[in-house]
Amino acid sequence: MQTLFEKYRPSNLDGVLGQEKAISKIELLLSRGWGSRAWWISGASGTGKTTIARILAGYGADDIYVNEFDSADQLSVSEVDRIEQEMSYRGFGKGGKAYIINEAHGLRKAVIRRLLGLLERIPDHICIIFTTTKQGESKLFDDQIDASPLLSRCAKIELTNQGLAKVFAEHCRKIALSEKLDGKPIQSYIKLAQNCKNNCRQMLMAIDAGEMLS
Ligand SMILES: Nc1ncnc2c1ncn2[C@@H]1O[C@H](COP(=O)(O)OP(=O)(O)OP(=O)(O)O)[C@@H](O)[C@H]1O
Ligand SMILES: [Mg+2]
């Protein structure tokens with residue numbers, strides 16, 4: 001059975017809640033072209049980073065050409081070499097290929113060095129998306145690695161953690177109602193959002209576990 005948070009993962013940018021500023025920046029950039037671009041999406045856990053990354057990837061690449069690395073420390077220099085080779089060929093269907101690298105603050109020094117060159121010549125059918133829970137550039141990486149050469153090659157999208165409690169509470173309550181897992185007033189959902197630090201995934205996990213039944 002699919003978890004609630006996967007079942008209700010937004011499949012388009014209109015469905016991403018509470019991130020209006022970030023979404024308008026994304027839409028503006030997208031209107032100027034999908035490929036030849038790397039994105040750097042930062043924000044707190046469960047606020048929509050991977051969701052946005054997958055939506056972005058889907059604009060130009062069919063599902064089989066969307067490659068997702070759950071954690072940047074899985075990415076080795078030889079993997080980046082392989083990606084670069086693969087990048088020279090277009091995909092079928094929409095034609096593009098996308099690479100999503102989650103937990104990007106875990107990128108290793110040698111990989112970052114290898115990526116710098118690659119990110120300067122991204123073909124127009126390729127889109128690379130990094131996501132991270134770490135904000136800002138200072139102390140982004142371990143080992144005193146300077147983040148600015150990498151980040152300056154990316155379009156930076158910062159997700160907010162502000163003003164989400166009410167939006168997520170209403171959204172999660174609607175889901176709970178349609179799944180027959182609801183039994184508590186809206187205030188309980190706002191409380192849930194606060195207890196979960198506005199992590200929508202965590203809220204939906206709690207609802208899945210029956211915590212909002214009366
Ligand atoms: N802004 C949002 N609007 C609607 N649903 C959301 C939003 N953010 C998160 N969700 C819900 O929470 C789930 C997890 O979101 P997502 O994977 O995008 O989080 P994340 O920011 O990548 O978190 P992490 O840092 O833990 O990887 C989604 O499948 C979706 O159901
Ligand atoms: Mg994620």
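Modeller: First, a term: buried means under 20% relative accessible area, exposed means over 50%, and partly exposed lies in between (1.4 Å probe, protein chains only). This is a predicted model, where local features need pLDDT of at least 70, side-chain atom pairs count only at pLDDT 80 or more, and totals for chains, interfaces and linings use all residues. Residues are numbered from 1 along each chain as its sequence is written, chains are lettered from A and ligands numbered from 1 in the order written, and side-chain values use heavy atoms, without hydrogens and water.

Biologist: Is Ala 155 buried or exposed?

Modeller: Ala 155 is found in strand S5, residues 155-158. Strands are DSSP runs of E with at least two residues, helices are runs of H or I with at least four, and both are numbered from the N terminus. The relative accessibility of Ala 155 is 13%, so Ala 155 counts as buried.

Biologist: Which residues is Ala 155 in contact with, leaving aside neighbours within four places in sequence?

Modeller: Contact means heavy atoms within 4.5 Å. Val 111 lies 44 residues from Ala 155 along the chain, and their C-alpha atoms are separated by 19 Å. With neighbours within four places left aside, the contacts of Ala 155 are Leu 29, Arg 37, Ala 38, Trp 39 and Trp 40.

Biologist: What does Ile 52 touch, not counting residues up to four places away in sequence?

Modeller: Ile 52 lies in helix H3, residues 49-60. Its relative accessible area is 0%, so Ile 52 is buried. Not counting residues up to four places away, Ile 52 touches Leu 13, Val 16, Ile 23, Ile 26, Ile 41 and Leu 159.

Biologist: Are H4 and H5 roughly parallel or roughly antiparallel to each other?

Modeller: Axes are lines fitted to C-alpha atoms, for helices over the stretch in contact, and angles run from 0 to 180 degrees between N-to-C directions. Helix H4 (residues 77-87) packs on H5 at about 20 degrees, with the axes 9 Å apart. Angles under 35 degrees count as roughly parallel, over 145 as roughly antiparallel, 65 to 115 as roughly perpendicular and the rest as oblique. H4 and H5 are therefore roughly parallel.

Biologist: How many nonpolar residues does the contact of H4 with H5 have?

Modeller: Val 77, Val 80, Asp 81, Glu 84 and Met 87 in H4 meet Ala 110, Val 111, Arg 114, Leu 115 and Leu 118 in H5. Ala, Val, Leu, Ile, Met, Phe, Trp, Tyr, Cys and Pro count as nonpolar, Asp, Glu, Lys and Arg as charged, and the others, Gly among them, as polar. By class, the contact has no polar residues, three charged and, as asked, nonpolar ones numbering seven.

Biologist: Is Lys 197 buried or exposed?

Modeller: Lys 197 lies in the loop between helix H8 (186-195) and helix H9 (200-208). Its phi is positive, about 50 degrees, although Lys 197 is not a glycine. At 68% relative accessibility, Lys 197 counts as exposed.

Biologist: Where is Glu 103?

Modeller: Glu 103 is not a glycine, yet its phi is positive, near 50 degrees. At 35% relative accessibility, Glu 103 counts as partly exposed. Its place is the loop between strand S3 (97-101) and helix H5 (109-120).

Biologist: What share of the 214 residues of the protein counts as buried?

Modeller: The secondary structure comes to nine helices and five strands. Along its principal axes the C-alpha trace spans about 55 × 40 × 30 Å. Of the 214 residues, the buried share is 46%.
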